[in-house]
Amino acid sequence: MKIATLVGSLRQNSYNLQLALTLQERYKDKLDVDILDIRSLPHFDQDKELDPPDVVQRFKAAIAEADGVIIVTPEYNWSVPGVLKNALDWCSRGERVFVGKPVLTMGATPGMLGTVRAQLHLREILSSPGIQAKVLPPGGNEVLVNMAMNKFDPEQRRLVDEATLTFLDGVVEKFIAFVQEHTVQPVRA
Ligand code: FNR
């Protein structure tokens with residue numbers, strides 16, 4: 001199963017990047033996790049939305065070709081980082097590559113609230129007319145990794161907290177089933 005992953009932090013030692021790397025490694029037998037580059041995307045420019053720069057076209061193609069998308073993001077000022085919103089804005093115009101796409105969101109923070117406000121905003125953004133993603137419903141599926149400094153190993157650059165990993169295993173299983181459920185089967189002659 002091909003999973004495109006967006007990380008909302010550009011920081012080298014980002015906990016959210018480490019969470020994405022954990023997904024890539026831990027579920028490699030089930031998921032082909034490709035962490036996409038959002039750093040190189042120019043600022044969204046509506047004058048270019050129908051003929052976006054090559055780097056944007058490649059980015060959108062990677063989303064279009066994926067079976068599902070996992071967004072791993074910190075919370076900046078009670079919302080999603082601008083760099084992530086910028087990537088989503090490109091995807092919402094011209095070819096709307098998120099429409100019907102299964103999406104799982106998650107986030108990590110050294111704070112107590114585990115990016116909950118950012119995740120709530122992200123769910124709203126993902127429901128907008130230009131995006132219309134199929135987000136794994138909440139109700140036990142919220143991956144909100146708080147107190148990150150106690151849950152990641154800075155040497156391995158991976159999530160190592162066992163309770164959180166066990167919870168993550170369960171959510172990823174549910175997401176795999178969700179993707180299978182929402183994959184449009186090719187029509188056979
Ligand atoms: C933050 N941080 C933060 N944390 C939080 O829980 N709620 C918030 O609203 C914010 N706001 C915020 C704004 C900005 C501009 C920065 C740089 C940081 C702290 C943030 O969670 C922390 O820096 C994380 O470590 C960022 O994630 P990465 O880079 O480790 O993935």
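This is a predicted model: local features need pLDDT of at least 70, side-chain atom pairs count only at pLDDT 80 or more; totals for chains, interfaces and linings use all residues.
Residues are numbered from 1 along each chain as its sequence is written. Local features need pLDDT of at least 70, side-chain atom pairs count only at pLDDT 80 or more, totals for chains, interfaces and linings use all residues, and side-chain values use heavy atoms, with hydrogens and water left out.

View 1. Look for Ser-9, Arg-11, Ser-14, Tyr-15, Asn-16, Pro-74, Glu-75, Tyr-76, Asn-77, Trp-78, Thr-109 and Pro-110 surrounding the ligand; a residue is near a molecule if one of its heavy atoms lies within 4 Å of it. Sorted by class, this shell has 5 nonpolar, 5 polar and 2 charged residues. Here Ala, Val, Leu, Ile, Met, Phe, Trp, Tyr, Cys and Pro count as nonpolar, Asp, Glu, Lys and Arg as charged, and the others, Gly among them, as polar.

View 2. An N or O atom in the side chain of Arg-11 sits 2.6 Å from an oxygen atom of the ligand. For Ser-14, a polar side-chain atom is 2.5 Å from a ligand oxygen atom, and for Asn-16 the distance is 2.7 Å. On its own the ligand exposes 620 Å², and the protein buries 69% of that (areas come from the Shrake-Rupley method with a 1.4 Å probe).

View 3. Strand 1 (residues 2-7) has 5 of its 6 residues buried, so it is largely enclosed by the rest of the structure. Buried means under 20% relative accessible area, exposed over 50%, and partly exposed in between (1.4 Å probe, protein chains only). Strands are DSSP runs of E with at least two residues, helices are runs of H or I with at least four, and both are numbered from the N terminus. Strand 1 runs parallel to strand 2 (residues 32-35), joined by 4 bridges; two strands pair if DSSP finds at least two bridges between them. Spot Thr-5 standing opposite Ile-35 in strand 2.

View 4. Ser-40 lies in the loop between strand 2 and helix 2 (54-65), and at 39% relative accessibility it counts as partly exposed. Its side chain makes a polar contact with the side chain of Asp-37 (2.3 Å). Such a contact is a pair of N or O atoms within 3.5 Å; within protein, one must be able to donate a hydrogen and the other to accept it, and residues adjacent in sequence count only if both atoms are side-chain atoms. Arg-158, in strand 8 (residues 158-159), counts as buried at 18% relative accessibility.
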